[in-house]
Amino acid sequence: MDVSLLLDSLNDKQREAVAAPLSNMLVLAGAGSGKTRVLVHRIAWLMEVENITPFSILAVTFTNKAAREMRGRIEHLMGRGLNSTWIGTFHGLAHRLLRAHHAEAGLPENFQILDSDDQYRLVKRILKAMNLDEKHWAPRQIQWYINGNKDEGLRPQHIETHGDATAQKMQEIYAAYQEACDRSGLVDFAELLLRAHELWAKNPEVLAHYQRRFKAVLVDEFQDTNNIQYAWLRMLCSADTNNIMIVGDDDQSIYGWRGANVDNIHNFLKDFKDTSTIRLEQNYRSTANILNAANAVIDNNSGRLGKELWTDGAEGELISVYAGFNELDEARFIVSQIKKWLDDGNSLKDSAILYRNNAQSRVLEEALLHESIAYRIYGGLRFFERQEIRDALGYLRMLNHPHDDAAFERVVNTPSRGIGEKTITQVRQTAREHNCSLWQASNMLIQEGSLTGRASKALQAFTTLVTDLEQAVKELPLEEQADKAIKHSGLYAMYQAERGEKAQARIENLEELVTACKQYIVPEEAEEMTPMAAFLAHASLEAGDNQADSEQDAVQMMTIHSAKGLEFGLVFLAGVEEGMFPSQMTNDEPGRMEEERRLCYVGMTRAMQKLFITYAESRRVYGQDKFHTASRFIREIPAEFVEEVRLKSQISRPVHNRFSRMASHEAFEDSGFALGQRVEHPKFGAGVVLNYEGSGDHARVQVNFDDFGSKWLVLAYAKLKAN
Ligand SMILES: Nc1ncnc2c1ncn2[C@@H]1O[C@H](COP(=O)(O)OP(=O)(O)OP(=O)(O)O)[C@@H](O)[C@H]1O
Ligand SMILES: [Mg+2]
C-alpha cells in the first residue's frame, strides 16, 4: 500500500505521532484534535512500515462501539481484514485473556460473567446466609464496596480494618461473596480486571508470552483509566520490547466518581521510560465559536495540564442559548429546531440531544414522539422501560387491576418481603388449577391455610399492602396515587438504600414518574377510563413503541457521559441549569465541580456545526415546580460567542400539546394571556401562567399561585384577570 496515504490527511503534529519511531508515547490533546484518528493511523503505520503483524497489536478503547468503529476504520485504511488484532475495552480484553487461561487464573472453563443485577442478587443471598439485615447492610453499598476494592486491586485479606467492627464485617461479606463466586465459577465485571491482573502477576510465563506477543499497545481515552487498569497496562508493557502509546485529555476526565484516576497521566510519564509527549493543538471538529466557548469554560478549572486548541475553520453560527419557560417549553423548542434542521436537508442521525441525567429524557422523548420524530436512546433504556419505572408501574397496575399477572409477578417480592420461589410456584400452580389470576390464587391459598405459616404471612403482607393502598389512594389525584404507591410499597426506600450514581438515577426516575402523572392529561378518547387506567395505557404504548434501530435515521439521545469521543453536526445540551448541571450534589464533594465542568466541556465539544444550550426556568422535579437559574457554565461563556434566543416567532406558531389535543398558541394568545404572565384569580389570588393546553372550550392553563401552588384551570371558567 502507498504509505503516504496514511500521512496525507494529517497535520504535522499528527504525522509526527503517527510516524514516530517505536517508543513510548503520550499524545495529550484537547477535544476534536484528532487523537482517535492518530491512533487509527498509527496502527496502520505500525503494520505497514514497522512490519508489526496485526497479531502483535493490542488496542484499548472505552466502549465496544468505539472498538468496532476503530477496527472498521483501520480495515478501511488498509483495505484488508484484521482478525488477529486485539481491539476492545479493558473488560472485553480481560475476559478474552481469562477464557484463554482459565486454568492458570483459577477459573473453571465455563466460568460465567455476573452482570451488575446478578451481582446485586448474589450479594443479597450472601447477606441472608450470614443473617445480616439488609437495612443495615445495604446490598448496593456492599456491591459498591466490593467493586471499589477490586478496582484498587484489593482482595479481602488486603483490606486494613483497623479493628473497626463495621469495616471487619464488610470485609467478611466481601470474603463470603468471593467464596460464593469462586465456588460457582462466577466473575463480576471488576473481577475480570483484577483476575486478569493476578493472572499475569502469578504466572510469569503467561505474562512473558503476552509481552513477546504485543509489541505495540495503544490506549484511547486514557484519562479515564482506573488503578487496576493502569497496573495491568504497566505490567504488560514493562519489558523493553513493548511500546505503549496512550492518547488522552485531562480536561475530559469524567469518571472520577467511578474510580478513574486522571493522575495516571502523570504516573505514565514517571513509570514509563523514554516517553515522548506530543501535543495536538488544532481542532478539526467544531466551528471557532463553539471551540472558543468551550475553551473559555474549561479555563475556569485549576490544575490543568494546559493545552491550547485552535481552529482555522469558519467562525460558524453563534451558540444559541434558549431559556425555556419550563421543561415542556424547552422540549418543544428543541423539537422545533430539529425540524428546522431536517427541513434544511440534514439527517436526524447527525443531531444529538445530550443531558446530565437519564431522567431528563422523558419530556424530550414525549415531545419527539408527539411529532413522530424517530429517536434512539444510546446506552440506556427509554424512560418507561427502565427497571424502577416498570417496578413502580407494576404497583400501579396492581392497584388498577389486581388480576394483572405480569404486574403481580413483577412486584410480589420487590422489594423483598420474604416470598420465596417455592411459594410463588405454589401460587402459579393454584392459579392454573382454578383457572384464576395469581391474585385470586394467593388469596385462596392464604384462606385455605395451605401454605407454611411463614410463607402465608409474607404473601399476606403483599395482598394487604395492595388492598390497603388501593383503598387509601382511590380518591386521590393521579400523582398522589403514584407517590403513595412508590412510597408505601417500599420501592422508594429500597432504591434509596442503595448507593452510587445508578441508584441516584433510579430515585430521580421514580420522582420523574410522579411528575409525569401530574402532567398527564387524559385524552378525549380515554375519558371513559379512570385517569390511572388511561395513564397506564399511555405508558405501555410508549414503552412498546419500537426504538429506532441503529440503521434508521433518528435523533441520538444520551447522557453527556455516553457521548464521550462522539461527534454530531447539531448538538443540544439540555437542562443546563444550576442544580441540574452542575448537579445539586456537586457542592458536597471536593473536586466534583471541576469534574462537572469537564463534563460540560465534553458536551460542548461534541458539536461540529451548531450548538444549542437550553435550560428551563421552572422545572417539575418530583411533582413540584423548582425555579432554576442558568447554569454557571452558561455564564462562563463570553458573550461574543452566544446569542440568546427570544422566541416570540417560534411560540406563536401552532404548537401541539403533548397529549394529542391541538393547542393553538394563537388561540391561547387570543385569550389575552401569555406564558410567564402574572394573573389574578378570585379565589387563589396572584400567580404566574406556567403552561397551557387544549383550545376553545377545552383550553386549560396552568397557573403557579403564590399562595396555593400550581393548578390547572379551565380557561373558560377560571375568571382569570391579567395582572
Ligand atoms: N488532519 C485532519 N484533517 C481533517 N480532519 C481531521 C484531521 N484530524 C482529525 N480530523 C477530524 O476531526 C474530528 C475529530 O477527530 P477525533 O475524533 O480523532 O478527535 P479526538 O481528539 O479523538 O476527539 P475526542 O477528544 O472528542 O475524543 C474527526 O471528524 C476527524 O475525522
Ligand atoms: Mg477520541
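The legends below describe close-up views of a predicted model.

**View 1. Domains of the chain, with the contact between domain 3 and domain 4.** The domain assignment divides the chain into domain 1 (4-98 + 194-280), domain 2 (112-184), domain 3 (295-382 + 552-650), domain 4 (385-533) and domain 5 (661-722). Taken over C-alpha atoms, the centres of domain 3 and domain 4 are separated by 36 Å. At their contact, 10 residues of domain 3 meet 14 residues of domain 4. The side of domain 3 that touches domain 4 comprises four nonpolar, three polar and three charged residues.

**View 2. The surroundings of ligand 1.** The shell around ligand 1 consists of 18 residues, and the closest are Gly34, Lys35, Thr36, Arg37 and Tyr284. Helix H3 (residues 35-48) contributes the most to this shell, with three residues. Sorted by class, the shell around ligand 1 holds four nonpolar, nine polar and five charged residues.

**View 3. An open sheet of six strands.** The strands follow the order S3-S2-S6-S7-S1-S8, and their pairing is parallel.

View 4. S2 runs parallel to S6 and is joined to it by four bridges, in which Ala59 has Leu218 of S6 as its bridge partner. S2 is also parallel to S3, with three bridges between them; here Val60 stands opposite Gly88 of S3. Strand S6 (residues 216-219) pairs in turn with strand S7 (residues 243-248), in the parallel sense and over four bridges. Leu218 has Met245 as its bridge partner in S7.

**View 5. The hairpin of strands S21 and S22.** Strand S21 (residues 700-705) and strand S22 (residues 709-714) run antiparallel and are joined by six bridges. Three residues lie between S21 and S22 in this hairpin. Val703 is found opposite Lys711 of S22.

View 6. Of the 11 residues of helix H13 (residues 288-298), nine are buried, so the helix is largely enclosed by the rest of the structure. The buried residues are Asn289, Ile290, Leu291, Asn292, Ala293, Ala294, Asn295, Val297 and Ile298. Their cover includes strand S9 (319-326), H25, strand S14 (607-621) and helix H26 (632-635). Glu308 belongs to the loop between H13 and S9. Glu308 counts as exposed, because 11 C-beta neighbours lie inside 10 Å. The C-alpha atoms of Glu308 and Arg96 are separated by 39 Å, and the two residues are 212 residues apart along the chain.

View 7. Thr414 and Pro415 are joined by a cis peptide bond, with omega about 0°. Pro415 lies in the loop between helix H17 (405-411) and helix H18 (421-434). Another cis peptide bond runs from Phe581 to Pro582, with omega near 5°. The loop that holds Pro582 is between strand S13 (568-574) and helix H25 (592-604).

View 8. His162 is not a glycine, yet its phi is positive, at about 50°. This residue lies in the loop between helix H7 (139-151) and helix H8 (165-184). His162 is exposed because 7 other C-beta atoms lie within 10 Å. Asn435, which is not a glycine either, has a positive phi of about 50°. Asn435 is placed in the loop between H18 and helix H19 (438-448). With 8 C-beta neighbours inside 10 Å, Asn435 is likewise counted as exposed.

Terms used:
Residues are numbered from 1 along each chain as its sequence is written. Chains are lettered from A and ligands numbered from 1 in the order in which they are written. This is a predicted model: local features need pLDDT of at least 70, side-chain atom pairs count only at pLDDT 80 or more; totals for chains, interfaces and linings use all residues. A residue is near a molecule or strand if its C-beta atom, placed from the backbone, lies within 6 Å of it. Helices (H or I, at least four residues) and strands (E, at least two) are DSSP runs, numbered from the N terminus. Ala, Val, Leu, Ile, Met, Phe, Trp, Tyr, Cys and Pro count as nonpolar, Asp, Glu, Lys and Arg as charged, and the others, Gly among them, as polar. Domain bounds come from an automatic or database domain assignment. Two residues are in contact if their C-beta atoms, placed from the backbone, lie within 7 Å. Two strands pair if DSSP finds at least two bridges between them. A residue is buried if 20 or more other C-beta atoms lie within 10 Å of its own, exposed if 12 or fewer, and partly exposed in between; C-beta atoms are placed from the backbone.
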